[in-house]
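Have the model open while you read.

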Amino acid sequence: MTLAVGLPRKRHGASGLALRRRGAAWRAPRAPFLPALIILAALLFGALPVLRLLLAALMPGGRFAPEAALETITSRSAVAATLHSFDTAFFSTLGALALGTLVALALGVTDLRGRRPLAFGFVFSMMIAPQVAALAFLSLLAPNSQLLALLGLAPAPGTPNPLLGRGGIILVMALHHAPLVAMTVWSGLRSIPHSLVEAAQMEGAGPATITARILLPVLRPQLAAAALVAFVAGIGNFGIPALLGLPVNYLTLPTLIYRRLSSFGPESLPDVAALAVLVGLVATFGILAGMALTRRQGGRVEIERPLEPFWRLGRARAFVAAGLWAVLLLKLGLPLLALLAEALTPALGVPLSWQSLTLDKFAEVLLRQSATIRAFRNSFAFAAIAGIVLALGSIAFAYGLERRLGKLRRVVELVVELPYALPGIVLAIACILLFLKPLPLIGVSIYGTPFIILFAYLARFLPLALKAPVAAMAQIEAHHEEAARLDGAGTWQMLRFIVAPLLAPAAAISALMVFLVAFNELTVSALLWSSGTETLGVVLFSLKEAGLAGEAAAVAISAIAVILVAMLGLDLLGRRLTANVLPWRI
């Protein structure tokens with residue numbers, strides 16, 4: 001038995017092959033501590049922060065007083081922020097749904113060339129942090145925009161930036177969340193059998209008719225779920241409303257929470273807890289509605305041949321490709337070029353030319369400025385540690401979910417997904433409440449230390465880390481573990497010698513995915529950082545608020561370069577895994 005090499009052998013009367021021939025059912029070895037550890041981790045990272053938040057909102061001062069929370073969420077400022085959140089989330093969802101669906105259909109059902117780089121660029125635009133996207137668009141349409149000056153379109157000095165306020169928030173959020181819609185629609189397209197298209201073609205239906213009268217009706221649950229995902233993302237988005245709304249006092253719920261906590265400190269925790277619960281309830285409603293829509297699709301159907309591109313564009317192919325590249329240029333290329341131009345300009349108002357071009361701002365933030373250097377180091381450390389810890393833990397987690405938990409699996413998955421599904425601002429408030437006082441028994445407080453940020457990252461990104469290993473574990477046949485069990489292997493030996501090597505590529509994907517998302521994170525760390533624990537998102541936001549737009553642009557461009565390298569590494573590793581693990585590999 002080649003899989004059992006290196007394991008202690010015990011005598012047994014029948015081989016694994018003989019057991020299978022006799023029809024003996026194999027069961028995972030008994031090890032109650034593994035399910036117990038998984039359930040404990042789910043409670044610690046998923047349930048405990050949420051329960052602590054609810055306790056603070058409903059029992060301020062230790063006394064059950066829901067009327068205090070009700071008074072907070074019905075105050076004039078909270079009602080205005082709630083209306084702003086619903087308004088911007090709703091209209092940005094409409095834009096994201098339209099753009100994301102069109103891109104998904106163009107890349108999924110047509111014979112367009114270059115689909116992979118287009119999909120990569122589209123998803124890459126979403127992986128860029130929201131605050132970086134907002135800063136890029138601000139640079140593009142600023143009165144001192146170098147790109148607008150080159151085109152002769154620069155407005156007069158002192159002209160307000162048109163993106164500040166409601167309209168800008170809606171526009172940037174729609175563009176930023178469109179890939180979320182596209183990925184959901186791509187997932188739906190993969191579940192459609194190609195035989196539906198072939199049957200329609202035999203009846204004489206053209207590609208436009210097939211798309212409009214067959215695919216779109218079949219995709220209604222995915223479209224509705226995509227709209228809910230974009231809406232929930234809009235409700236919880238902090239980076240875009242912070243950069244585009246705070247300067248003009250246009251507050252959404254996340255920015256109202258941030259302003260109150262930064263202005264009044266821990267004394268405002270009962271009020272911000274109530275507001276965080278309000279944000280969480282809205283997000284939970286969207287999540288539950290999305291789950292209901294997914295269940296309404298019915299059971300899974302075995303598909304012999306998944307949907308393939310069937311729309312032959314002919315002469316129109318070049319025009320469709322040009323249109324998609326133009327969308328990507330407007331969504332990603334021009335804003336990043338404007339950001340780069342601002343970082344390369346020596347001073348405000350100086351035209352960018354070969355003579356004036358300078359790397360001084362990059363040298364300032366990367367080599368000389370202690371706060372930005374520390375932020376790069378902290379972001380690398382937090383993202384890397386979270387990625388490695390979660391990748392290692394995901395191996396045991398995936399094995400336990402797939403083999404050991406049985407009927408408890410769905411409950412554990414739901415609990416684990418809570419911090420990832422809820423807006424980051426909600427998790428941040430929950431962590432503050434959870435760790436503000438010293439920990440029981442040991443009397444040590446991690447509030448104001450790097451460990452509170454690391455805990456928040458572990459809690460928030462655990463579901464993301466589990467995605468690839470759980471998918472890989474589902475494809476591993478049980479006879480691998482059966483052979484090890486017959487050779488006398490215990491649970492930990494099986495995990496070490498059998499499961500871990502098989503899941504190693506998926507775990508590496510998980511580590512990079514977590515690093516990719518955590519490196520530019522702002523929503524959680526904006527409320528959890530303290531002196532010495534600044535992250536890149538926090539420093540970028542602070543530089544922009546201080547009027548140092550060029551330095552902020554240099555930080556943003558440097559962070560984008562790191563994200564690009566990480567995504568390219570993911571793409572290389574993704575070739576060793578099954579399809580659909582990476583969203584852009586369509």
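Which residues does Thr93 touch, not counting residues up to four places away in sequence? In this predicted model, the answer is Ala227, Ala230 and Phe231. Thr93 itself is found in helix α4, which covers residues 76-109. Its relative accessibility is 7%, and since buried means under 20%, Thr93 counts as buried.

Now to the rings. The structure holds 13 aromatic pairs. One of them brings Phe380 together with Phe515: the ring centres are 5.8 Å apart and the planes sit at 40 degrees, so this pair is tilted. That pair links distant parts of the chain, with Phe380 in helix α17 (residues 370-404) and Phe515 in helix α22 (residues 491-519), 135 residues apart.

Phe515 also pairs with Phe519; here the centres are 5.4 Å apart and the planes are at 25 degrees, so the rings count as stacked. Both residues lie in helix α22, 4 residues apart, or about one turn of the helix.

| Residue | Relative accessibility | Class |
|---|---|---|
| Phe380 | 39% | partly exposed |
| Phe515 | 13% | buried |
| Phe519 | 0% | buried |

Elsewhere, Phe45, Phe435 and Phe455 form one aromatic cluster.

The charged end of Arg166 sits over the ring of Phe91, 5.4 Å from its centre. Lys331, for its part, lies over the face of Phe122, at 5.6 Å from the ring centre.

Notes: Residues are numbered from 1 along each chain as its sequence is written. This is a predicted model: local features need pLDDT of at least 70, side-chain atom pairs count only at pLDDT 80 or more; totals for chains, interfaces and linings use all residues. Side-chain values use heavy atoms; hydrogens and water are left out. Helices (H or I, at least four residues) and strands (E, at least two) are DSSP runs, numbered from the N terminus. Buried means under 20% relative accessible area, exposed over 50%, partly exposed in between (1.4 Å probe, protein chains only). Contact means heavy atoms within 4.5 Å. Rings of Phe, Tyr and Trp (its six-membered ring) pair if their centres lie within 6.5 Å; planes under 30 degrees apart count as stacked, over 60 as edge-to-face and the rest as tilted. A charge sits over a ring if NZ of Lys or CZ of Arg is within 6 Å of the ring centre and within 35 degrees of the ring normal.
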